[in-house]
Amino acid sequence: MMKEKERSALLSCGLFFGIGAAQAEALLKCLGGETVHCEKNVVLWSAGQQVSRCAVVLSGMVRAEAVRTDGIRTLVACHGAGGLVGDILMASPENVSPVYVIAAEPSEILLIPFSAVMGGCSQCCPAHKKLRENLVQEIARKYWAQRRRLGYLAIGSLRGRIAAFLLDRSSGGTFSLGMSREDMADYLCVNRSALSRELSRMKRCGLIDCYRDTFRILKREEMGEL
């Protein structure tokens, strides 16, 4: 049986947006989803593997990692509780993963087959229709997120790249990135030491305040100009 914390994570997932708790419970029975426990470093699926199910993170965290030609793995995305992984892959014609998806810590994962999402149910319930609409919206949201990332990478200066990244995640107060400095460096395709030095410089000149993965933008207009 799903714990209350896991149920809250499920309802916060974009795939279940606008679907009530009772509807979600009934929908899960209809979908025939499978909940699995993954210890840290367990691989959910590998690069080159066909993917026919998406994964909802009920607790813990998973990482999507790409492998460079020199064998070094780089972070593509990180998903905590309520995150959705594999939605684009399972809906694509080839269904072949370009990344490794790995449990970053002990995690509970709900696996939902693409065929069950798209097939509907015998009762033709409104919740199932909403689920399919949410899937399309999630795919669109991730498409635009990748476009934003390409925008960061197109910025020539390291400071400008950092500024754009932080501004997109700031809601006006103190905020947490939910990723380590190493992961941030991977995401922005920069050297970790160079990133740390530049963040220290930005902190000294009063643009930001930061501690580990927690940030606060102090001069929003100047950051925007960067």
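This is a predicted model: local features need pLDDT of at least 70, side-chain atom pairs count only at pLDDT 80 or more; totals for chains, interfaces and linings use all residues.
Local features need pLDDT of at least 70 and side-chain atom pairs 80 or more, while totals for chains, interfaces and linings use all residues. Residues are numbered from 1 along each chain as its sequence is written, and side-chain values use heavy atoms, without hydrogens and water.

**Largest pocket**

The largest pocket holds about 1100 Å³ of space. A pocket is an open set of points on a 1 Å grid over the protein atoms alone, where a 1.4 Å probe fits, with protein on both sides within 12 Å along at least five of seven lines; lining residues have an atom within 4 Å of a point. Its lining has 40 residues, with V76, A77, C78, H79 and K142 nearest the centre. Helix α5 gives the largest share, eight residues; helices are DSSP runs of H or I with at least four residues, and strands are runs of E with at least two.

| Lining class | Residues |
|---|---|
| Nonpolar | 23 residues |
| Polar | ten residues |

**E138**

E138 is part of helix α5. Leaving aside residues up to four places away in sequence, E138 touches G14, L15, L84 and D87 (heavy atoms within 4.5 Å).

Strands β10 (residues 208–211) and β11 (residues 214–217) run antiparallel and are joined by four bridges; pairing needs at least two DSSP bridges. D209 stands opposite R216 in β11. Two residues separate the strands of this hairpin, and R212 in the turn has a positive phi of about 55 degrees.

Notes
Grid points are joined across faces, edges and corners, and a volume is the space filled by probe spheres set on the points. Ala, Val, Leu, Ile, Met, Phe, Trp, Tyr, Cys and Pro count as nonpolar, Asp, Glu, Lys and Arg as charged, and the others, Gly among them, as polar. Buried means under 20% relative accessible area, exposed over 50%, partly exposed in between (1.4 Å probe, protein chains only).
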